[in-house]
Each structure stands twice: as structure tokens, then as C-alpha cells.
Amino acid sequence: MTATDIHRTILAVWRIEQPRLITSLSRMLRDVPLAEDLTQEALLAALEHWPAAGVPEQPGAWLMAIAKRRALDHLRRGQMLARKHAMVARDMEREQQAMPDWDAALDDDIGDELLRLIFTACHPLLSREARAALALRMICGLTTEEIARAFLLPDATIAQRIVRAKRTLSESGLAYETPRRGELSERLSSVLEVVYLIFNEGYTAARGEHWLRPQLCHEALRIGRVLTSIAPLEPEAHGLLALMELNASRTAARTDASGEPILMLEQNRALWDQFQIRRGMQALGRARELEGAGGFYALQAAIIACHAQASTADETDWPRISGLYAELAALVRSPIIELNRAVAVGMAEGPEAALVIVEGLAHEPALRTYHLLGSVRGDLLRKLGRHAEARAAFEAAAALAGNKREQDLLRRRAAEPPT
Amino acid sequence: MRFMYIVTSSQPPRPPTPALMEAMGKLADREIKAGRMIDNGGLMPVAMGAQVRITDGKLSVVDGPFVETKEMIGGYAIFELRDKEEAVAAAVEFMQLHREHMPGWEGTCEVRAFATAGADGSCQVDALAHS
């Protein structure tokens, strides 16, 4: 094995053990950010010792022993001789003597501890970016360098973001909170928002960028599954998981061999991952059973499900999609949702009805620089035979498009002869 | 990446010890809660199954048990994992439980990546290997 292989093996073992380490340390220390520091120290110790000594037979116990020793050092050295800490230290010493069954009790209620961890990392007090970085670090066990590469940011930026977020938590007395059951739904929305942000960051990444970007989808899906298993009665957790699974199912079909994006209706549906679609449909079904069909994520998932279930683009149930968009638009007022609704209405009822909606959005400030507005408008005008206006709309859209591929596509559409 | 774990043994089948059952149950619970394990299952003895074969162009159905089978599949699991390293680390942990809680047992946990369309460095589908 090369040094890199050993490094990768250690990180793999680490990622398996990390959630249990951090949850049990936070419970012992009543301090999530401190627990996170100590799990990182344990990782450093592993990276130092395992290349020569090999991965121990009980890597979890090894890492835990190191982390506990560091915790004791920390408590002894610290100025914190408060009673709480003295008690914790005594408990820990007693427990350490009673090893090795240190984790038996924890396994039974890891769900609650994990939920606490997730709620801490995604606390609404923190910015969305800080929540995303903390979640990837504390829940997924990604290193600072990995997070930085995934978000295309310098290491130092992410490191600073994490340090600041942890400090904010400690200083606000949120180091070891127990959200009450009644708060669950409310706090969950702050978590779901971050998970979806992480997913989209990976999903919109172009092929060929660093592989860690698509990796973000994998991590977001994983947190989504964690949430549905530890908060199984929350319909929106299932709704979000459904939305992510269904979107991720198209990954292989989204780009051609040269990396050019392929629009959904033109994708080769044989490349859609049916296994993943089934899982998405299951999650959506669960959200509906929990009476969450009208939730923000469940509605979006239901829209994608219409596509996922159509075996050809022509079989798409557009009336249903446009109905779902209407529900979504009633729930959240957003010009982007309205624009999407216009597309669905165009497919379901014809270009005229859709153009009415699009024209209504013309003066929407949020869409003033949004190239897809012009693109949708151009498309509808062309279908109505208003070619000169269509060409102008496509050209205006091309001028607003952020990347060259999209500009080229829109210019090509502007130049298309009337059909 | 999606992986399938297939556990085989050439020993006469025997039920897992209660300690192993408990340990595996805990591990499975943890892996489900960690969002990594998607599906798993143990398989009944081959006596309850059948094989549908093609030999010399002829199709035949053979009920179990199959005397000539050396390795028997006892169970499987499907995981969504980041990479092969993570898959191997999880398999090592799983097999370590067998060593601890079912002394004398010998077997293999085969770790196989799913062939998915467009997967980076996509593995050759070896469905044709037996043609």
C-alpha cells in the first residue's frame, strides 16, 4: 500500500467510527463543539500511528480511548474546575476502568444523540454556509480540506467558518442543547434547508470538476436517510429524501460524453437509476402517509416523480405537474416557481395560457437578470409563430446567461429557422 | 457508489450464535441510522431454493439442496458508500464480529460495486463473464 492508500483507508475507518465517537463524547462532556475537537484529535493520532502499526482490530475502541484521554487532559488542564466538569471527569475515569464495553449503552439511543448533533450543527443561529460546513464536518466526518475542495473554496475559509461557528455555539450556550419534542418540526426545517443546499451544491456541479462536488450529493442523501430513520414521523424529512433520491436518479443521463448538459426531456431514460427511483417513490409514499403531501419538499418531489414515472417524455403527465406547481406556488411565493409553473402549463394547456403567466413575470425584479425567463418566453413565442419576438427573446436571454454553454445554446435557438 | 456484500461459507450452514445475532443487529441498526445501509437480508437454506440452469443449450430446473455447490450464500446487504475504501472498512468490521462472536466459523464477505451507468471509472459489467 502506498502512503495515499493508507491515508484513504484510515479516513474510511474514521468515517465509520466518527458519528459514534462524537455522539458519545458530546454526551460525556455535555459539549458538542469540544467533542468535535477531540474526535479530530483522535483522527490525527490515528493518522500518526496506524500507518506503522496497522489499523487496530477494534478501531472504534482505539479512537475512543485516545479521545477520552485527551478529554481528561483537557478537563484537568483547563481552568474549568466547575463541578460539572469534575463530575464528568470522575465518571469518565470510572468508565475508562470499566472498558471495554464503553459503547454498549450508547448504541441503544444513538438516534437521540445523533439528532442532537444534527440540530447543533444546523442551528438556525448560524449562517447557512456555516451550517453546511459544520454538518459535513460533524455529521459526515469530512475533513476541512475535503469540504473546502467540495465548495471550491480555500481551506482557510472553511477552517475559519468552522472555528467561528463552533465558537458561536459555545458562547451562546448552545454547546449541548436538548431540543424539545415540540420544537422538532420547527428546528427540522433549518436542518432540511442545509441538507438541500449541500445536495444542490453537488447536483449543479458540472462534470469534470473535482469529484468531491458530486460527493456532496452522496453526503446530503446520507444525512437525508439519517433524518428519516431518526425522525421517522416528520413528513418533510421523507419529502426531502424523496426529492433528492429522484433528482439523483438522473445523474448518469444529465450530461453527454463531452460533458454538455442534456435537458430532462431529452435525456435517455434508460440511464435513469430505477433502484434509486424506487427509493425516492418509497420516501414520497411515506411523506404522504404522514399527511405531508402538501409540504414544500414533498410537492417538489411529487413533480419530479411525474417525470420519473413517465417512460418517455411524451407520456409526462403535464396537467398533474401544472396542478402541483399551482399548489407549490400557493405555498411559497416565488417568481422562479411561477416560471416553472408556466412551463408546465404550456405543456398541459398550450403556449397561450403559459405566455400569460410569463408576461406577468416580466417586471419581476428577481428575474430581471434571469436568463431562463427569456428562454422560456422565446420558446412560447416561437410555438405561437411569433418568430421575430422569439428571436429577440432568445438573444436577450443569451446576453444574460452566465456560462458559455448556455449562451451558445440560446444563440443557436435564436438562429433557428421558423418551423 | 453502491456496493453489494455477499457473505458465503463452505461450512455446513449453522445459525449464528445469539451473541453474533445481537452484534449484527446493532451494527445493522447503526448502519441504517447512518444512512449507509439501504437493504439487507439473510437467505434460507438452499434446500428451500432452486436453480434454473442452462447446460449444453438445455434449460433445467433443479431443486435444492445442490450437492456440488461448494460455497453457499448466507446473506447479502446493499450499501451506498463513498468509495471502495469505505466499503472494505465496513466489511472488515462486519467480519470482525463473526470472528469474535462465532468462533470456528469460516467464510467470505465479498464486496462488489454495482455497475451503474456513467459511473466514473465505471467497472466492466461482468455479466458476460460466464458466456
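## Interface between chains A and B

The contact takes 24 residues from chain A and 18 residues from chain B, two residues being in contact if their C-beta atoms, placed from the backbone, lie within 7 Å. This is a predicted model, in which local features need pLDDT of at least 70 and side-chain atom pairs count only at pLDDT 80 or more, while totals for chains, interfaces and linings use all residues. Residues are numbered from 1 along each chain as its sequence is written, and chains are lettered from A and ligands numbered from 1 in the order in which they are written.

On the side of chain B that touches chain A, the elements giving two or more residues are α1 (18-33) and α2 (84-101) of chain B. Helices (H or I, at least four residues) and strands (E, at least two) are DSSP runs, numbered from the N terminus. α2(B) gives the most to this side, with six residues. The residues of the side of chain B that touches chain A comprise nine charged, five nonpolar and four polar; Ala, Val, Leu, Ile, Met, Phe, Trp, Tyr, Cys and Pro count as nonpolar, Asp, Glu, Lys and Arg as charged, and the others, Gly among them, as polar.

## The sheet of chain B

Chain B has an open sheet of four strands in the order β2-β5-β1-β6, with antiparallel pairing; two strands pair if DSSP finds at least two bridges between them. β2 (37-42) and β6 (108-113) of chain B stand at the edges, each with a single partner strand, so one side of each has no neighbour in the sheet. The twist averages 15 degrees from one strand to the next.

β2(B) and β5 (residues 72-80) of chain B run antiparallel and are joined by five bridges. B:Ala77 in β5(B) is the bridge partner of B:Asn40. α2(B) lies across β1 (2-9), β5 and β6 of chain B, and runs at about 160 degrees to β6(B). Axes are lines fitted to C-alpha atoms, for helices over the stretch in contact, and angles run from 0 to 180 degrees between N-to-C directions.

## Helices α7 and α10 of chain A

The axes of α7 (residues 128-138) and α10 (residues 184-203) of chain A come within 9 Å and cross at roughly 80 degrees. That makes α7(A) roughly perpendicular to α10(A), a term for angles of 65 to 115 degrees. α7(A) contributes A:Arg128, A:Arg131, A:Ala132, A:Ala135 and A:Leu136 to the contact, and α10(A) contributes A:Glu193, A:Val194, A:Leu197 and A:Ile198.

A:Leu192 lies in helix α10 of chain A. A:Leu192 is buried, with 24 other C-beta atoms within 10 Å; the cut-off for buried is 20 or more.

Terms used:
Angles under 35 degrees count as roughly parallel, over 145 as roughly antiparallel, 65 to 115 as roughly perpendicular and the rest as oblique. A residue is buried if 20 or more other C-beta atoms lie within 10 Å of its own, exposed if 12 or fewer, and partly exposed in between; C-beta atoms are placed from the backbone.
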